[in-house]
Structure formats: structure tokens, C-alpha cells
Amino acid sequence: MDVLVLMGSPRKKGNTATLLVPFLDELAARGHRVKHVVLHGMTIQACIECFHCQKTLDAPGCGLQDDMDALFLDILAADVIVWATPIFTWFCPPEMKAAMDRLFCLSKTYNELPDPPRLLKGKRLALISTYGADATTGPDLFEAAMRRECTYAHMVFAGHLGVRDVHGLQDFFSAEAKDAARSFARALDRGECQERFLP
């Protein structure tokens, strides 16, 4: 299984990055091919809704040229896409949101075809989030948006692991957080949709 982990945090050693370590280790131990991409610092322009992409049916066809060109290839090669992010004002940081918006070019819905190509169809999408509020007032809106994206792109929602920052970084080094991250990786390995929020 090819797993693409897209990390949206601007902190390379922060809460989200720390939670990812046991998750990535477990996937690798199970023999999966994993690519981990840090989005912060990449050049990802905002979608300008030019619809240039809709003229090309079998490839992204995006009219913008930046670091998304390579990222499109990684996304198309993946079986599972994991958005790993802190929650900033109920959503992900700007680089990740820009990348999400640019994925519009992979669903060719703006034409008159009865069954337009959806280049993400069948891929699984999972979420790992870190946040300061509780699960019902922090990552819930982000998950709702990603579930809607799955419906639009004909992807499969593959679960959500969320860990709350109560005491700082130590919450993400805890045995409970590490076990939850490994368990989430095992659920992806088995093709299960697991939702778990700590604490």
C-alpha cells in the first residue's frame, strides 16, 4: 500500500510531527511504502478558478506551476492520503488549505460528460489532527469538510485520529498518544475506518 502523509504544521517538531512518529513507524513496520511531505515552506499558490484544468481529462492539467506539480504525482500514486494537521481556527493552516483547493483539478466535473473522470476516485483519505479545544469544538468542522470532499471526489473516508493539547507537547509523547497513533496505522492497514479522539 502506498501512503502519502501530508503534514500541514509550520512546526517540524511540534505536536502534529510528534504524533506522526509512531504512526509512520507502524506503517513502515507493516511493509507499506510511506512518503511524508511537510507542506510548510512549499510554494503552493491559491487556486484561481481559471478552469484550465477541466480541459485535460487524464491528468491534473492545472494552469499554475509550482510545488503542486510534484505533489500531484505523489497524490495520484498513493492509495491512502493522510492529512496531518493542527487545527487553526477550526481548520488547517494555509499551505494545506491551498493544496486541498488545488485538488479540484483532479475531478473533471466542469464539462458536459455524463460520467466525468475523477482522478481521486477510490483512494482512501484519513485525518490526523491536533488541537487545543475539545473534539466537538475543534476538529469537527475540519472532518465534516473532508467527508464532503470524499463525497465530491468519490474517495473513501478512512478515519480520524485526534489528540488534544492539554498539557503541551508531553501529551503527544505520552504512551496513550503513541498507542493511539499505532492503532490508527493498524486500522488503515486492515482497511478499517477508525475514529478516536484523546483525551
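Me: Where is the place of Thr89?

Reply: Thr89 is in the loop between β3 (80-86) and α3 (94-102). These element names come from DSSP runs, numbered from the N terminus: helices are H or I with at least four residues, strands are E with at least two. This is a predicted model, where local features need pLDDT of at least 70, side-chain atom pairs count only at pLDDT 80 or more, and totals for chains, interfaces and linings use all residues. Residues are numbered from 1 along each chain as its sequence is written, and side-chain values use heavy atoms, with hydrogens and water left out.

Me: Why is Thr89 called exposed?

Reply: Exposed means over 50% relative accessible area, buried means under 20%, and partly exposed lies in between (1.4 Å probe, protein chains only). Thr89 has 66%, so it is exposed. Its phi is near 40 degrees, a positive value in a residue other than glycine.

Me: What makes His154 partly exposed?

Reply: Its relative accessible area is 35%, so His154 falls in the in-between class. His154 is in the loop between α4 (140-153) and β5 (156-164). Phi of His154 is near 65 degrees, again positive in a residue other than glycine.

Me: Which residues of α6 are buried, and what do they pack against?

Reply: The buried ones are Ala177, Ala180, Ala181, Ser183, Phe184, Ala185, Ala187 and Leu188. Their partners include α1 (15-29), β4 (124-131) and α5 (170-173). An α-helix has 3.6 residues a turn, so residues three or four places apart point the same way.

Me: Why is Ala158 called buried?

Reply: Its relative accessible area is 3%, so Ala158 is under the cut-off for buried. Ala158 lies in strand β5.

Me: What does Ala158 touch?

Reply: Contact means heavy atoms within 4.5 Å. Not counting residues up to four places away in sequence, Ala158 touches several residues, among them Leu125, Phe184, Leu188 and Cys193. Ala158 and Leu188 are 30 residues apart in sequence and 7.1 Å apart in space, C-alpha to C-alpha.

Me: Which residues does the cis peptide bond join?

Reply: Leu198 and Pro199, with omega about -15 degrees. Pro199 lies in the segment after β6 (194-198).
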